[in-house]
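Please consult the sequence and the structure shown below while reading.

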Amino acid sequence: YVDSHSNLFCNSHSVVLLDTFVSILSLNLSEPAYGADTAKLENTLVAGEQGLAIRVKGFNLKIPHFLYSQLITDRLADFSFTPAVFKVIKEEVKKTSFNTLIKSEGLAK
């Protein structure tokens, strides 16, 4: 877990920023992680209440997990995106947020 040591969900701005970050990071990982995906290693990036949760699963060998985790941390360290990517992700996050808000029964629980 990448822990922020604070409650990220204290305001809507933080939630949207974290969702945008996770979406861009997932997109940045899609091409370099293709080989790992082919080898049945999977990653999941989740924006949780305490920060960014990164899960890696697949074969039970430690070395592939380590190398795959290293790929993810390298992408975190060299995080970048183009304005075009940001525009697409912004629209995706906007649609997802809108769909979440119109399903009020999920928010009331």
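## A partly exposed phenylalanine

Phe79 has a relative accessible area of 26% and is therefore partly exposed; the term covers values between buried, under 20%, and exposed, over 50%, with a 1.4 Å probe and protein chains only. Phe21 also counts as partly exposed, at 25% relative accessibility.

## Basis of the model

The model is predicted: local features require a pLDDT of at least 70, side-chain atom pairs count only at pLDDT 80 or more, and totals for chains, interfaces and linings use all residues. Residues are numbered from 1 along each chain as its sequence is written, and side-chain values use heavy atoms, with hydrogens and water left out.

The pLDDT, the predictor's confidence in each residue on a scale from 0 to 100, averages 75 over the chain, and 72% of the residues score at least 70. Where pLDDT is low, the predicted coordinates should not be read in detail.

## Overall architecture

The chain contains five helices and three strands, assigned as DSSP runs (H or I of at least four residues for helices, E of at least two for strands) and numbered from the N terminus. Their order from the N terminus is β-α-α-β-β-α-α-α.

Of the 109 residues, 18% count as buried. Among contacts (heavy atoms within 4.5 Å) with a separation of 6 or more, 60% are between residues 24 or more positions apart.

Helix α1 comprises 19 residues (12-30); at 1.5 Å a residue it should span 27 Å, and its end C-alpha atoms are 27 Å apart, in agreement. The expected span is 1.5 Å times one less than the number of residues. The buried residues of α1 are Leu18, Thr20, Val22, Ser23, Ile24, Leu25, Asn28 and Leu29.

Beyond neighbours within four places in sequence, Leu25 is in contact with Leu45, Leu52, Arg75, Leu76 and Phe79.

Asn28 lies in helix α1 and is buried, with a relative accessible area of 18%. A polar atom of its side chain lies 3.0 Å from the backbone oxygen of Ser80, and, leaving aside neighbours within four places in sequence, Asn28 is in contact with Arg75, Phe79 and Ser80.

Ser30, also in helix α1, is partly exposed at 42% relative accessibility. The side chain of Ser30 reaches the backbone oxygen of Leu27 at 2.7 Å.

## Aromatic pairs

Rings of Phe, Tyr and Trp (its six-membered ring) pair if their centres lie within 6.5 Å; planes under 30 degrees apart count as stacked, over 60 as edge-to-face and the rest as tilted. The count comes to three aromatic pairs. The rings of Phe21 and Phe79 form a tilted pair, because their centres are 4.7 Å apart and their planes stand at 50°. Phe21 lies in helix α1 and Phe79 in the loop between α3 (62-77) and α4 (83-102), so the pair ties together parts 58 residues apart in sequence. Ring pairs link Phe21, Phe79, Phe81 and Phe86 into a cluster.

Conventions
Polar contact = N/O pair within 3.5 Å; in protein donor to acceptor, adjacent residues only side chain to side chain.
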